[in-house]
Amino acid sequence: MRTRLFRTLAPLVLVTAGLLGSACGDNTAAAPVSPTTSQQAPQDAGHARLNQLVGEWTAEKSTFVAGGTPENPIVTRDAVSRWSWVAETGGNFLREEVTGTFGDRPYYRLGLLGYSPVDDRYEWSTFDSVTPLTMAYRGAKGSANAPELSMTGEFTDPGITGPANVGKSVPMRTVIRLESPDRTVMELYFTPPGEPERLADRVVLTRLG
């Protein structure tokens with residue numbers, strides 16, 4: 001009985017004590033509050049550069065592989081790209097979400113763009129509804145001050161560059177050009193085995209509003 005009574009009254013005692021403390025001018029520090037984005041530490045130059053991407057954009061996407069060709073790309077004009085800082089990471093990563101259509105199918109892409117202060121480079125990973133694998137890219141160390149963001153990686157080809165390359169490693173490169181506050185161009189290049197680098201995908205972002 002005593003135990004039950006204590007459990008019932010304890011919360012009331014704590015609330016009452018808090019009210020009395022406030023009424024008597026108690027200066028005890030308040031419980032910590034989770035920081036908001038505005039309360040986070042100031043950005044370094046590498047992260048601050050990416051602020052230009054934050055917001056909502058129309059995305060005109062031209063795809064020259066996976067059913068498209070250099071002469072006849074698959075063109076998507078109804079896509080929308082939304083960029084925002086991921087507050088839960090302390091504002092260290094920028095998230096892109098794209099929705100639209102690819103040919104006659106719904107299209108979705110999630111991208112995470114970050115800056116590594118230790119390496120002074122940008123890093124980019126994407127996950128979409130067309131390619132059944134993670135596409136991950138890293139810039140060269142010390143490359144963050146270059147006019148464009150250029151990041152490289154490789155993937156195991158599921159047939160995107162042709163049946164002959166299924167299962168083979170294909171080098172790839174993403175280039176992001178922050179041309180103005182209202183226009184950004186993103187290009188993806190592949191280098192299939194025995195071939196020169198070729199443009200695989202281009203997205204032109206135009207700011208909405």
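A hairpin joins strand 8 to strand 9 through 2 residues, where strands are DSSP runs of E with at least two residues, numbered from the N terminus. This is a predicted model, in which local features need pLDDT of at least 70 and side-chain atom pairs count only at pLDDT 80 or more, while totals for chains, interfaces and linings use all residues. Residues are numbered from 1 along each chain as its sequence is written, and side-chain values use heavy atoms, with hydrogens and water left out.

**Strand pairing**

- Strand 8 and strand 9 (residues 183–190) pair in the antiparallel sense over 8 bridges, pairing being assigned if DSSP finds at least two bridges between two strands; here Thr-174 stands opposite Leu-188 in strand 9.
- Strand 7 (residues 149–156) and strand 8 (residues 169–180) also run antiparallel and are joined by 8 bridges, with Phe-155 standing opposite Val-170 in strand 8.

- Ile-176 lies in strand 8 and is buried, with a relative accessible area of 1% (buried means under 20% relative accessible area, exposed over 50% and partly exposed in between, with a 1.4 Å probe and protein chains only).
- Not counting residues up to four places away in sequence, Ile-176 touches Leu-113, Glu-148, Leu-149, Met-151, Thr-184, Val-185 and Met-186, a contact being heavy atoms within 4.5 Å.
- The C-alpha atoms of Ile-176 and Met-151 are separated by 8.7 Å, and the two residues are 25 residues apart along the chain.
- Leaving aside neighbours within four places in sequence, Trp-83 is in contact with residues including Leu-53, Trp-57, Leu-94, Leu-113, Trp-124, Met-186 and Leu-205.

**A buried loop residue**

- Asp-119 is placed in the loop between strand 4 (105–116) and strand 5 (121–128), and counts as buried because its relative accessibility is 17%.
- Apart from its neighbours within four places in sequence, Asp-119 is in contact with Lys-141 and Gly-142.

**Surface**

- Phe-127, in strand 5, is partly exposed, with a relative accessible area of 33%.
- Phe-93, Leu-112 and Phe-127 make a nonpolar surface patch of about 230 Å².

Note on methods: Helices (H or I, at least four residues) and strands (E, at least two) are DSSP runs, numbered from the N terminus. Patches are made of residues with over 30% relative accessible area and no salt bridge: like charges are joined within 9 Å, nonpolar side chains (Val, Leu, Ile, Met, Phe, Trp, Tyr) within 5 Å. Accessible areas come from the Shrake-Rupley method with a 1.4 Å probe; for residues, only the protein chains shown count as cover. A salt bridge is a side-chain nitrogen of Lys or Arg within 4 Å of a carboxyl oxygen of Asp or Glu.
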